[in-house]
Amino acid sequence: MATSFHAAAQSFTDTFDANSLAWTECAFESSKGSAVIDKGVMTVKSKGENKAMGALLTGLSGVATKVGENTFFETHCYAPLDVRKPFEVIANVRIDKLANDRVCGFVFNYKDGGNFYTFNFNSEMVNFVRYVDNRIVGNIYQGVKWPKKSKLEQEWKLVCDGDVLSFFVDGMEILKVKYMPLDYSGIGFYTFGKQTLIVEDMTFTQL
């Protein structure tokens, strides 16, 4: 089994031994990225610059979207959570490299490929972004310094307590956003530029 459920703790852990949460997988070489579950991990990869890219590409599964001359790639599932109540999500990840043009992060409050929130970061900053109908309608960012910028292993944690969202990396809160209620249980991962993100496991807990 790919997941385990503990009723007392109201916790659900996905170990990616199979795709039991119906993550959007896409492995087509013609797309702008890939999201594949194999050998107990999920690998999300975006391929970077392509000047011939159209305004919006939607594959059979994941979504690639043009931003300037680059694309971002996302994969998502629908979390076993009531997002209108407090919860936390923890993911253990490995990142290929952080740089100005290489971004990765959490996707959440996902309705569809043009409507979602994301916490994402590169080598210099962390950013909270709201997308509505394929447009950025708001963002909050701040600078951050990382002790390492390549071959990183990190624990990401997203905590929602009412209408306050907090994003932690390795136990350190790096961004908090207030007055941002959630409506949708879609949640996943985001890469931008020539970036590779490997997710080893993910735990959803209703608080």
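Author: The following account begins with the chain as a whole, turns to the aromatic rings, and then considers their surroundings.

Please bear in mind throughout that this is a predicted model. The chain has 207 residues, and 52% of them are buried. Its secondary structure consists of 17 strands and zero helices. Among contacts between residues at least 6 apart in sequence, 59% join residues at least 24 apart. The chain exposes about 9900 Å², of which carbon and sulfur atoms supply 51%.

Let us now take up the rings. A pair of aromatic rings is described by the distance of the centres and the angle of the planes. A search of the whole structure finds 18 aromatic pairs.

Phe108 belongs to strand S9 (residues 103–112) and Phe119 to strand S10 (residues 115–121), so the pair ties together parts that are 11 residues apart in sequence. Are these two residues, Phe108 and Phe119, buried or exposed? Both Phe108 and Phe119 are buried.

In the pair of Trp156 and Phe189, the ring centres lie 6.2 Å apart and the planes stand at 40 degrees, so this pair is tilted. The pair links distant parts of the chain, since Trp156 is found in strand S13 (residues 150–161) and Phe189 in strand S16 (residues 186–192), 33 residues apart. Trp156 has a relative accessibility of 0% and therefore counts as buried. Phe189 likewise has a relative accessible area of 0% and is buried.

The two pairs also belong to a wider arrangement. Ring pairs link a cluster that includes Phe108, Phe119, Trp156 and Phe189. Among the other members of this cluster are Phe16, Trp23, Phe106, Tyr117, Phe121, Phe128, Trp146 and Phe167.

Which residues touch the most other members of the largest nonpolar core? They are Trp156 and Phe189, in a core of 48 residues. Strand S8 gives the most to this core, with five residues. A second, separate core has nine residues, including Phe72, Val103, Val107 and Phe116.

With a relative accessible area of 6%, Asn109 is buried. Leaving aside residues up to four places away in sequence, Asn109 touches Asn115, Phe116, Tyr117, Leu182, Asp183, Tyr184 and Gly186. One of these, Tyr117, is a member of the ring cluster, and another, Phe116, belongs to the second core. The C-alpha atoms of Asn109 and Asp183 are separated by 6.3 Å, although these residues stand 74 places apart along the chain.

Charged side chains complete the surroundings. Side chains of opposite charge can pair when their charged atoms come close.

Arg94 forms a salt bridge with Glu200, with the closest N and O atoms 2.7 Å apart. Arg94 lies in strand S8 (residues 87–97) and Glu200 in strand S17 (residues 194–206), so this pair ties together parts that are 106 residues apart in sequence. Arg94 is partly exposed, at a relative accessible area of 30%, and Glu200 is partly exposed at 30%.

Arg102 and Asp96 meet in a salt bridge at 3.3 Å, N to O. Arg102 is buried, with a relative accessible area of 18%, because the cut-off for buried is under 20%. Asp96, by contrast, is partly exposed at 27%. Together with Lys151, Asp96 and Arg102 are linked in a network of salt bridges.

The side chains of Lys85 and Asp82 also meet in a salt bridge, at 4.0 Å from N to O. Lys85 is partly exposed at 49% relative accessibility, and Asp82 is partly exposed at 30%.

A disulfide is a covalent bond between the sulfur atoms of two cysteines. A search of the whole structure finds zero disulfides. Cys26 counts as buried at 4% relative accessibility, and Cys160 counts as buried at 1%.

Technical notes: Residues numbered from 1 in each chain as written. Predicted model: local features only at pLDDT ≥ 70, side-chain atom pairs only at ≥ 80, totals over all residues. Heavy atoms only, no water. Buried < 20%, exposed > 50% of the residue type's maximum accessible area, 1.4 Å probe, protein only. Helix = DSSP H or I, 4+ residues; strand = E, 2+ residues; numbered from the N terminus. Core = buried A, V, L, I, M, F, W, Y, C linked by side-chain atoms within 4.5 Å. Contact = heavy atoms within 4.5 Å. Areas by Shrake-Rupley, 256 points an atom, 1.4 Å probe, with all protein chains shown as cover. Disulfide = S-S within 2.5 Å. Phe/Tyr/Trp six-rings, centres within 6.5 Å; stacked < 30°, edge-to-face > 60°.
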